[in-house]
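This report is written for a reader new to the structure. Please look over the sequence and the model before reading on.

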Amino acid sequence: MADPNIEKIRKYVRAANYIAAAQIYLQANFELKERLSFEHIKPRLLGHWGTCPGINFVYAHLQYFVKKTREHVLFVNGVGHGFPALQANLFIEGSLTHFYPHISRDAVGLAYIIRNFSWPYGFPSHSNPAAPGVILEGGELGYSLATAYGAALDNPDLIVVCLVGDGEAETGPLATSWHLNKFVHPRTNGIVLPILHLNGYKISGPTIFGRMSTSELLSLFQGYGYDPIFVEDIPGDDIYVRMIEALDRSYSKIKQIRERARSGQNVVAPTFPMIILKTPKGWSGIRYIGSNRIEGNCLSHQVVVNNAKTDIQELELLEEWLGAYRFSELFDSEKGFIQDILDIIPDDDLKIGLSKYAHFDRQKIKLMVPKAVVFSEDAAQPGTLGSSSMRRTGEYLNEVIKLNEFNRNFRIFSPDETYSNKIDKVFDFTTRAFVWPIMPWDKDISQDGRVIEMLSEHALFGLLQGYVLTGRYGVFISYEAFVQIISSMADQYLKFVKIAREIPWRPSYASLNIILTSSGWRQDHNGFSHQNPGFISGLLEKNDPCVKFYFPPDGNTTLQVLEKALNLENGINVIVAGKTLEPRWLTPELAYRQVEEGVMIWDFASDDDPHLVFCAIGDYMTKEMMAAIDLIKQDLPFVRIRFVNITDLTVIRQKNLDDYFTHDKPVIINFHGYPDSIKKLLFDYKTSNRFDIRGFVENGSTTTPFDMQVRNMTSRWHIVLSAVERLRDMQIISANEFQYITSKYHQKLNLHREYIIQNGVDLPEINEWEWRKDHVGSV
């Protein structure tokens, strides 16, 4: 027997389709109470119609599903350009009115949302943070499923329904995200119900999935570990009935798996349901314009009758199309929507647009952040060897996980590199999560670990986004060279958070933490392909004060950076830290000051009234600069040098640099990344021509660690050569002294090349170098 509420769902869909289409076209006559005329049509027709009917169909059925089951559902729409549909549903259910009281559910509110869609200072054309319940913009396709799985993590009472378009499904990030079902155990996490929407077409041609047969789709998704349920618009078969049945069947299977897992049974590789929905693109819209097929074709992707403002035939087609929804039967100008539509909408506490998971109070789950000083190492003698920033990071994050065990609100996402990146200390308390079969010899793996490893930066960063945007905290750790693959994702996330900061009802989000390690300076073993600091340059272009770039010079400073970063909000923290054993430079007290100020003169390595200023940004660059000071003090003990260390790049735009660099002395900067990044930051500085800025200049190979510095002219010897050139120009040293020093270090560079070619390792004087303080600060 058919569900008696089906007709109510049909009416709901009709209303949503009308409102979605009207937003694209109308600037007046919003209820079609008179014949359409040119003046009723917007001057610029912007928007995407083709995907909207499918979104409306899914959302309407979800309304009824939530009403019936009283489950908490978060809706993640991967097809961000279908925002007219999402906006229509938020208006119908009342979520818009909840946050925007002036958008009343009557003719006034209807006119407001239609008139202001894709309008200057109105509503954008894509999903956005100003829309209730949204945690994904979806303009750049590919990230919906990973975001959905991130939202489900540690939210055991949540079902995340993720609508994936068949165009989006062709992207690499989405393709790999199907495998995330292998990391989210139903005992302690929520459930993701993917709905793959096959409308068959992208903007100008067919989709791959749209042309695959049912058997091919079945084989593919069964192989991914899903139980596909097909819902299709077939003549003689009621697709509304099939969709209700599909959701009921999915829910039944979800409950079975959830109950088994939470009753203590060992659930391995659970086969969760997914729905494959086949509907025509532009469903219910104009079928043909002349001989061109519109509905069920790529021509319905965006604006269908795009000359409706000036062409009478197209205007009449639009009027016929909108009129076919008989909107006046569904909506009263004063009372709003008819009761049949209201009947399938859940109560406020369960409305999809008002999901408590998207609109959380993060103070209830505040992260407990340990004090960095507890994990600091003795650095009373600057230059003491034996500190690894990433080892310190592992110790610290292990404590973070331990402190927040009950709240379950912190996770680490790492592309199969937890051991390689030296943070495996976290496995003292937790493991890596894996829900598929675990072999007896597998190490540090369980069904419910706090670390998720997968060789897809896209998938992991999407998980982190979904996790953070539903009120939690996390760290993404990657090889520096390969983090570039998520540059666009980070950019999209920043755009989302930038707008969210301006919306008063949006919660504050923990800043995303990205730790870059295995940097190019120590990828001497893997070679040129692993040497790329470009991610830093890309984010610097944003000039966003909520993007922080931290370059701690040692382990103690790294700890202070972590403590600070885990308390920051509404941005991105990029932390660049090495994993090799390097000198300890700063005591915990000095490390705290270094991080709080962002830039600091190191008194123990500086002279009064300096002739030159040396500045380092990054751990390996700090070591080379300190070694250069050491060498100059041996060769030219009368030369006075000031050493400045920059930990937070944003201070370059905020501080009076004369306080650190003096107002007229030459400054040599050794930077971890590309020199042009620093040059741009210093562009407006009044005496920028006195700076010699060095960094990675795209010279690399499989070679020795010090040779990476030599190849990029950032080595201690190159710093000395640059320094003596400036000292000569200032007449601090004589021409003979200049010639002697220059000849000496060019000979060293030649000897270095010969030595590493013959021996395969750096010179002993490089490997055995230690900081000597006896000749610094004594002039």
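What follows covers aromatic ring pairs and helix packing.

The model is predicted, so local features need pLDDT of at least 70 and side-chain atom pairs count only at pLDDT 80 or more, while totals for chains, interfaces and linings use all residues. Residues are numbered from 1 along each chain as its sequence is written, and side-chain values use heavy atoms, with hydrogens and water left out.

**Aromatic pairs**

A search of the whole structure finds 35 aromatic pairs. Rings of Phe, Tyr and Trp (its six-membered ring) pair if their centres lie within 6.5 Å; planes under 30 degrees apart count as stacked, over 60 as edge-to-face and the rest as tilted. Two of the pairs are listed here.

| Pair | Centre to centre | Angle between planes | Type |
|---|---|---|---|
| Tyr-59 and Phe-75 | 5.4 Å | 85° | edge-to-face |
| Phe-91 and Phe-337 | 5.7 Å | 70° | edge-to-face |

Tyr-59 belongs to helix α2 (residues 52-69) and Phe-75 to strand β1 (residues 72-77), 16 residues apart. Helices (H or I, at least four residues) and strands (E, at least two) are DSSP runs, numbered from the N terminus. Tyr-59 has a relative accessible area of 1% and is buried; Phe-75, at 6%, is buried as well. Buried means under 20% relative accessible area, exposed over 50%, and partly exposed in between (1.4 Å probe, protein chains only).

Phe-91 lies in helix α3 (residues 83-93) and Phe-337 in strand β9 (residues 336-337), so their pair ties together parts that are 246 residues apart in sequence. Both Phe-91 and Phe-337 are buried. Phe-91 and Phe-337 also belong to a cluster linked by ring pairs, together with Tyr-18, Phe-327 and Phe-331.

**Helix packing**

Helix α3 also packs with helix α1 (residues 6-25), at an angle of about 125° and with the axes 8 Å apart. Axes are lines fitted to C-alpha atoms, for helices over the stretch in contact, and angles run from 0 to 180 degrees between N-to-C directions. The two helices, α1 and α3, are therefore oblique to each other. Angles under 35 degrees count as roughly parallel, over 145 as roughly antiparallel, 65 to 115 as roughly perpendicular and the rest as oblique.

Phe-91 is among the α3 residues in this contact, and Tyr-12 is one of those from α1; contact means heavy atoms within 4.5 Å.

The residues in contact include Trp-717 of α23 and Tyr-745 of α24.
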